Amino acid sequence: MKPAVCTGVHFINGDEACAEGAIAAGCKFFGGYPITPATEVAEQMSLRLPEVGGTFIQMEDEIAAMTSILGGAWAGCKTMTATSGPGFSLMMETVGLAVVTETPCVIVNVQRGGPSTGLPTQGAQSDMMQAKWGSHGDYEIIALAPSSPQEMFDFTIIAFNLSETYRTPVFIMSDEIIGHMSEKVIIPHKKKIKIINRKKPAKVKQGFKPFKPGANGVAPMPAIGEGYKVHITGLTHDEKGYPVMTVEAQEEMMARLLGKIRNNLDDIILTEDYLLNDAKIIIITYGVSARTSYTAVDEARSRGIKAGLLRLITVWPFPEELIRNLAKKAKGFITVEINMGQISREVERCAGGLAPCYLAGHAGGAIITPDKVLALMQEKF
Amino acid sequence: MPSVNKTFQADKHPLEDLLRVDRLPHIWCPGCGIGSVFSACLRSIKNSGIDYNNFAMVSGIGCSGRGAGYINIDSFHTTHGRAIPFATGIKLANPDINVIVFSGDGDLCAIGGNHLIHAARRNMDITVICVNNLIYGMTGGQVAATTPHMYRSSTTAAGNPESPFNLPLLAYAAGATYIARWTMLHSRDVSDAVSEAIGRKGFSFIEVLSPCPINFGRRNKEKSLDTLRMYHEKSIIKNNATPAELDIEYGKSIVLGKFIDIQKPTYSENYSRVHNPNDE
């Protein structure tokens, strides 16, 4: 057995850093399927999991990959899969099963240009709305957006912690550029890494209810074989897990599913701000687009424009209140993202007409340069 | 007769410890055969002597897919077609669990067909019980990948233009190491097959023919008892028969038996041999 935490300074790409983050977080099962540009996550997991007593399997498609990690999660493991656009689409039905069965797991989407086969080897951020609404029905989901290989490591650990805390699937919404970029990645000592494991039920097995919420709105989760005799279904179910086809049961279940996220926003929503205190023009961005946006803010400031930046680390749930408050003092917003308008619409919704909102977007395949952001800033403000 | 009634009440169902009695009555229609297959499966679990906590049942969607909802062990009612990859995840994350997939022909062999052949190819150590009622029952009787040629369904009112799968041949070609076919009338044989599957390592595929009088029989002028009579009169038990000769000639000849039972390393055994060569 080799160590799960490869403490030290590394020069690795984002996909590999993501895999190392997963192993460090205690991931013991990965079901995957090859797809550019996420393949390196699977490759690294296939090397590393046997070294730490875990299991890797390359399934027959992304549907199977996604489903296998739910089985693994109920058998008591932390589990993960990784994919890109087309595979993400195939996984969506099972993401809904993960949500409704409150199964912790981590799904990495190294985004590429779409729709369909699109631009397999070139980056985009155009699956952001799919991450929120891709599976049918109402639900809340957690999605994080890393901006560097270092954050692919760090955020993968956060993703597992959130997933274990809230018994919910968590997305890592990366992209080809971050996934394939090699940079310095510092892996800290094992003791410096905060790891959260799912809460286990008290030992009372008679009448156990796998969906009866605890203090934070989340039910403790047993594993197969521990004697709790759980029944888990994708049908609308009560706290016992039994299917109940009534309006009341649906309301109760939905309140539980939405509530455990909506009532814990302060714990889940992570953002980072840059020169925001006196900013009049506020850039909202995330992932790879944050990298170029910082340069745009610096350049604007050097020209006397009071620009600032809010980086979304947690993209879903969306930081509605934060944007709402910023809208009260902002002259306007520019959302920088590699798509034709996704998160920008959320910003516009939350700004509620108090400040104009613009998109510095891109159809996919390349980063958005600071020049483009600056030009938009000068044109609109 | 109060005395009889009293006796009846005092007698527990012999499988009660394996049933979620608080979920009864079940959804299966009068004349449906799924319950017989289900109880045969439960008998095998009971007779195995293995702690119930070391079992998990996984189902997909459909009438047979409701099986997981009635068994009182860790049980999972998953999405349509995906019982096998879910079971694969359980088995690989905890190899000590005996994983039984209980589902229908549409779920396992049409929408889930890809998973079936790949789990067989890997010799994943799970037991798959495929209740074959030749139709999509829950949705009201649409044509299935198992519906006999020219038989009627709600989507082939003039007769099915397609040919059905020979499921044992499919499983064999994909690499399954245990393959049997019975009908729900052959309850003891089903139970024996499930017991053998639980007791062995590797991918076991057990097809069990079962009537759907409401959605198959009604359209094809076949009452439930007619189906059972046909199972009885037209079936031939031919153990070790060649899988290629197992096409069902519905109404004329159905070959039953245990066809394949061979030893091959499982996925987990091979995985551990590859990654820990010094452990042996």
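**Notes on the sheet and the interface**

1. In this predicted model, nine strands make up an open sheet of mixed pairing, and their order is S10(A)-S2(B)-S1(B)-S3(B)-S4(B)-S8(B)-S7(B)-S10(B)-S9(B). The edges are held by strand S10 (231-233) of chain A and by strand S9 (235-237) of chain B, each of which pairs on one side only. With direction ignored, neighbouring strands of this sheet are turned by 20° against each other on average.

2. Helix H10 of chain B, residues 224-234, packs on this sheet, where it touches strand S7 (178-183), S8, S9 and strand S10 (254-261) of chain B. The direction of H10(B) makes about 40° with that of S9(B).

3. Within chain B, strand S4 (residues 127-132) and strand S8 (residues 204-209) run parallel and are joined by six bridges. As one position in this pairing, Val128(B) stands opposite Phe205(B) of S8(B).

4. S10(A) pairs with strand S2 (residues 74-77) of chain B in the parallel sense, over three bridges, and Thr233(A) has His77(B) in S2(B) as its bridge partner. In general, strands of a sheet pair through backbone hydrogen bonds, either parallel or antiparallel.

5. As for the interface as a whole, 39 residues of chain A and 36 residues of chain B take part in the contact. The area buried between chain A and chain B comes to about 3,100 Å², with carbon and sulfur atoms giving 60% of that area. On the side of chain A, Glu60(A), Ile224(A) and Lys229(A) supply 21% of the area that this chain buries against chain B, which is more than any other three residues.

6. Which side chains meet in a salt bridge? They are those of Glu60(A) and Arg122(B), at 2.9 Å from N to O, and the count of salt bridges between chain A and chain B is one. Polar contacts between chain A and chain B amount to 21 residue pairs, counted with both residues at pLDDT 80 or more.

7. Strand S3 (55-58), helix H3 (62-74), helix H4 (85-100) and S10 of chain A each supply at least two residues of the side of chain A that touches chain B. H3(A) gives the most to that side, with eight residues. By class, the side of chain A that touches chain B consists of 20 nonpolar, 13 polar and six charged residues.

Technical notes:
Residues numbered from 1 in each chain as written. Chains lettered and ligands numbered in written order. Predicted model: local features only at pLDDT ≥ 70, side-chain atom pairs only at ≥ 80, totals over all residues. Heavy atoms only, no water. Pairing = 2+ DSSP bridges. Helix = DSSP H or I, 4+ residues; strand = E, 2+ residues; numbered from the N terminus. Axes fitted to C-alpha atoms, helices over the stretch in contact; angles between N-to-C directions. Contact = heavy atoms within 4.5 Å. Buried area = accessible area lost by both parts, 1.4 Å probe. Salt bridge = Lys/Arg side-chain N within 4 Å of Asp/Glu carboxyl O. Polar contact = N/O pair within 3.5 Å; in protein donor to acceptor, adjacent residues only side chain to side chain. Nonpolar A, V, L, I, M, F, W, Y, C, P; charged D, E, K, R; others polar.
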